[in-house]
Amino acid sequence: MGNFTYTHLPAEHTANPITELALDLRWSWNHAADELWRELDPELWEATQNPWLILQSVSQERLQRTLAEPRFCQTLRQVLESKRKIEKSDAWYQRTHPNSPLSVAVYFSMEYLLSEALPVYAAGLGNVAGDQLKAASDLNVPVIAIGLLYQQGYFRQEIDPSGAQIARYPFNDPSQLPVRPLRDAEGEWVRMRVTLPGCTIWIRGWEAHVGRRKLYLLDTNDPANPPAHRCITGELYGGDSELRLRQETVLGMGGWRLLRALGVKPEVCHLNEGHAAFAVLERARSFMEDHNQAFDVALAATRAGNLFTTHTPVESGFDRFSTDLMRRYFQRYTEDTLKIPFRELMALGRVNPGDDSEPFNMAYLAFRGSVAVNGVSRLHGRVSRRLFQLLYPRWPEAEVPVGHVTNGVHVPTWDSAEADALWEKACGQERWRGSLEYVEDQVRCLEDPEIWRVRTSVRKQLVDFTRKRLVAHRTSVGASPEEIDAARRVFDPDWLTLGFARRFVEYKRPTMLLRDPERLVRILTSEQHPVQLILAGKAHPQDATGQALIAAWYQFSRRPEVANHVVFLEDYDMMLAQELVAGVDVWLNTPRRPWEASGTSGMKVLANGGLNASELDGWWAEAYAPDVGWAIGDGGDRGYDPDWDAAEANALYSLLEGQIIPEFYNRDEGIPRQWVARIRESMARLTPRFSTNRAVRQYAEELYHPLASAYTARARNRGSAAIDLLAWERALAAGWRDVRFGPVNISTEGGRHCFRVEVSLGGIEPADVLVELFADPLESGGAPFRGAMELAYAVKDRYLYTASVPGVRPAEDYTPRVIPRRDGVFIPKEFALIAWQK
């Protein structure tokens, strides 16, 4: 990889007030200006909800005429004043952490779901990134985001009359997206040049405003580039392995160099999945350049500020690149710029460094290049420890250094207008911009009738929306007038409404309810307790199995006896998701445990008074309680087991028949009291807990702050602490082979086990190690026992250590061990030496 250089394009005019509003994606969750955009072009607003597109499309004559209207001007003035007041006011972060060690964190992600107006997302990863960025704005946590601007993004879906999925790729015209060219201090467009094998390409920077926060997007669609390289950022999750490598190079390395060009110096680098792991290398290269240090010193210094969030529940989900491909793209960069042999780079992405047949794993690079790693739910943290144990073969699975921060959703983005008014009545306008300490008790004060009125209203809106979308779909595929007329009458606003919408892939078992289709027909068409089911979702264009699952549901929905009870809506996008999560009564989720890392769709229904019936996987494994929803499965990890799939399908039918449906229709003065009590408890207890407000505060306080302090300490004085750390590691590694245990003496008296063991440390000082007792967790998912042993006496290089523990479990459960110890070092994350008493 070559060095970036910069050229500039002409600056644009200064934004006027209405342009300022249109280019701030805060309108995607704050709807104070909606009426302004609707007044300018009601039809385009209804179709796109894209203020910037409306501003670009409306005639200047109409715009000037509307701006001259007193009522419009007054509303515009009020919205702008409110926006600027919020931007200037102290937020949660400044009030709570006035002496924060963090000046800025940079957040890398392959995709962001912010608004349908900026379609640079595919699914859950983008959802998490976009919602966390919005919460960072609400709380004013100092975060800058980096991503890619795709010419086509992810595909748009059509369903033909047979139920087959058709993938469409409309072009994203940057002039119609709420982004602007990224300008330098002189107002000129920043363009960067990077050398790939055999050519040089240009990368352009774009800027999106997300409230108080900024998102920088990179693209290669520069006219100066050859056609093949203009398409590097053409499509999200498309193409072959080489295209993916190029995209991830632009994201990770190009993204870090963009920060350098802007003069941004983050203490913390947060990698949202392994796609951006090349930022690890580029951050180290920057440190080498700034401080004239070798790569190993630079990596030791900079990894102290790196955080890796993994979203992958299966090892096959990690991006890998062949040795030959990596050599083509990185050998010159490695040897000429990082000044290390190519094999050392490959070692960072392998389990076995010397195995040339092993591909380069981006997750391993992200893992080794960061001092903190987290999964995205409590269960996923455990699953991830199992996945990464290959890197810590002598350490127990429970101690593989992976924690968890459970995902959340940005409630103001996903709650309906009716639900938002209910929350405001209970908790006030500032509820999602603080610490949420009173929210739970305040929501419990809501009365049954007002909760039920909201549920009745949003269900009716979903029925109306479904009819409109179904009419449009049938018209587009040339359906008969009778079929189009039937679409106008589909569903009933008083029926129990179930929802299932997500990526269609086999492990999510989207056709579980179709295992016994005749039983499902009876459930749906009950005369006394009718049920309606709305489905949506995409399958990857190369996933034939996923597409067959979509076709199965589509064809079932066309059966005459259920045609008024089941609808599959095509082109699952953010606008459709917002309608669904607002209006459904019960959200279904049926993945094979433990293959759902977190899941966020079920979190979105919480704020709207919807309830969850879900497999005990991902977030629901820690959220479920009998008074807030329903559980599928027994909480065991089953993986692929067809017999268990059949058993869970039968259990789901029984759950619907025996509990969910009767409870919904059991009315007292027109209100299902037990159902509403469940809604109230779910809203009060789960909505705050599974919000990005909580998640972003947790990231800031538990990860960003410690990592910012660690990086600052490591980087000080040209990385002197990193130099000392490496010297200490080398000395310990050289002497570790001489660490030996003598026999363990165990006695039990007074209800306690007493341990005595002699340890030979060779030339290692006792201060550099920790001798402790270890015992495996008593239950699955629990914490192991770790108890430090005390140094009783020393004779030359032999030391007697003792410990006493309660005799609540057999003494044979405990094993003495030795591990490294040094202040400021993340053990075993950075240094995984360990010696066990045999």
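Let's start with a kink. Helix α13 bends by about 55°, centred on F330. The bend here is the angle between axes fitted to the seven residues ending at a position and the seven starting there. Helices and strands are DSSP runs, numbered from the N terminus (helices H or I, at least four residues; strands E, at least two).

Some ground rules. This is a predicted model, in which local features need pLDDT of at least 70 and side-chain atom pairs count only at pLDDT 80 or more, while totals for chains, interfaces and linings use all residues. Residues are numbered from 1 along each chain as its sequence is written, and side-chain values use heavy atoms, with hydrogens and water left out.

Back to α13. The helix covers residues 323-338, 16 residues in total. Its end C-alpha atoms are only 18 Å apart, short of the 22 Å that a straight helix would reach at 1.5 Å a residue. That expected span is 1.5 Å times one less than the number of residues.

Which residues of α13 are buried? They are T323, L325, M326, Y329, F330, Y333, T334 and L338. Buried means under 20% relative accessible area, exposed over 50%, and partly exposed in between (1.4 Å probe, protein chains only).

Next, K339. This residue sits in the loop between α13 and α14 (342-347). K339 is not a glycine, yet has a positive phi of about 60°. Most residues other than glycine have a negative phi. At 62% relative accessibility, K339 counts as exposed.

D571 also has a positive phi, near 60°, and is not a glycine. Its loop runs between β18 (566-569) and α24 (574-583). Is D571 buried or exposed? Buried, because its relative accessibility is 14%.

Now a helix pair. The axes of α18 (residues 417-427) and α20 (residues 448-476) come within 9 Å and cross at roughly 160°. Axes are lines fitted to C-alpha atoms, for helices over the stretch in contact, and angles run from 0 to 180 degrees between N-to-C directions. The two helices are therefore roughly antiparallel (over 145 degrees). Contact (heavy atoms within 4.5 Å) involves E418, A419, L422 and K425 of α18. On α20, the contact residues include I451, V454 and V458.

Last, two cis peptide bonds. R593 to P594 is cis, with omega near 10°. P594 lies between β19 (586-589) and α25 (601-606), in a loop. I827 to P828 is cis too, with omega near 5°.

Definitions and conventions:
Parallel < 35°, antiparallel > 145°, perpendicular 65-115°, else oblique.
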